[in-house]
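This report goes through a protein model from its overall make-up to selected residues. The sequence and structure come next.

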Amino acid sequence: MFRVGDLRSSHIVGANMRAKLIKSKQTQEGEFIPLDQTDISVGFETGDDRLFLVSPLVISHEIDALSPFWEMSQAHLEKDDFEIVVILEGMVEATGMTCQARSSYLAEEVLWGHRFSPMMSLAEGFFDVDYGAFHHTFEVDTPSSSARELSLATARLEAHLYWSISSRLDEEKWDGPNLTGHSEKQPGSGSANGKGGVGPTFALGVTTETQDQSGQGELNGSVTTDQSESEA
């Protein structure tokens, strides 16, 4: 992220933003390319690179698989050597002339895990902009690993949860009918034998029903015997 603002008395119209990563690299074939330039996406696909600079704006670059910072961790950033060049182009409203402003950031000027502090406040029905806080940042909790490492860790965690849930569902699918059949069979066999014995059960509802039937058999033996024979 970086912040841009217009300090002119006249506004810049038709403003757009570009960013470049300048870094020397060596290809897989062994060729050394000094000061290689790579585009840094700041919203060209979505139109977010076209700005309306009535107030300071924070420009963000999303680090995804296509980003040049995809495999960069905090430790890698501290050792790396590169430069980020941002270019703001637009037309001066008063004169109609095209203007361009550029700024650059070295690797040691990039702050890992920081956000820009708010610089706008509402006062007496209008917004007040404090340009003294233009460069102020505050630290936030940010992992030190690269975006690629975070993506792999998230994928492994989702895969582990998926297989854990699938295995648990398979166990319930196979164990469910066995438990139900065993529980339903015990009350019938106990009443048919007339012994009043109750075997081990796994469902609380079946256990309560079996105990109630046994109790009724002790109070009204003839009635319970008829019900048991009919159920058998």
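Buried residues, meaning those under 20% relative accessible area, make up 23% of the 232 residues in the protein. The model is predicted: local features need pLDDT of at least 70, side-chain atom pairs count only at pLDDT 80 or more, and totals for chains, interfaces and linings use all residues. Residues are numbered from 1 along each chain as its sequence is written, and side-chain values use heavy atoms, with hydrogens and water left out.

The protein has four helices and eleven strands; these are DSSP runs numbered from the N terminus, with helices (H or I) of at least four residues and strands (E) of at least two. It exposes about 16,800 Å², of which carbon and sulfur atoms supply 54%; accessible areas come from the Shrake-Rupley method with a 1.4 Å probe, and for residues only the protein chains shown count as cover. Of the contacts (heavy atoms within 4.5 Å) with a separation of 6 or more, 53% are accounted for by residues 24 or more positions apart.

**Aromatic rings**

A pair of aromatic rings is described by the distance of the centres and the angle of the planes. Rings of Phe, Tyr and Trp (its six-membered ring) pair if their centres lie within 6.5 Å; planes under 30 degrees apart count as stacked, over 60 as edge-to-face and the rest as tilted. A search of the whole structure finds three such pairs. One of them is the tilted pair of F2 and Y105, at 6.4 Å centre to centre and 35 degrees between the planes. F2 lies in strand β1 (residues 2–4) and Y105 in strand β7 (residues 98–106), so the pair ties together parts that are 103 residues apart in sequence. F2 is buried at 11% relative accessible area, and Y105 is partly exposed at 27%.

Y131 and F134 form a stacked pair, because their ring centres are 6.3 Å apart and their planes are at 20 degrees. Y131 is partly exposed, at 32% relative accessible area, while F134 is buried, at 15%. The face of F134 also has R3 over it, at 5.9 Å from the ring centre; a charge sits over a ring if NZ of Lys or CZ of Arg is within 6 Å of the ring centre and within 35 degrees of the ring normal.

**Strand β3**

D36 is found in strand β3 (residues 32–39) and is buried at 17% relative accessibility. Beyond its neighbours within four places in sequence, D36 contacts L21, I22, K23, S24 and K25. L35 is also found in strand β3, but counts as exposed, at 59%.

E124 is exposed, with 77% relative accessible area.

**Surface patch**

M120, L122 and F127 form a nonpolar surface patch with about 340 Å² of accessible area together. Patches are made of residues with over 30% relative accessible area and no salt bridge, with like charges joined within 9 Å and nonpolar side chains (Val, Leu, Ile, Met, Phe, Trp, Tyr) within 5 Å. A salt bridge is a side-chain nitrogen of Lys or Arg within 4 Å of a carboxyl oxygen of Asp or Glu. L122 is found in strand β9 (residues 120–123) and is exposed at 60% relative accessibility.

Key. Buried means under 20% relative accessible area, exposed over 50%, partly exposed in between (1.4 Å probe, protein chains only).
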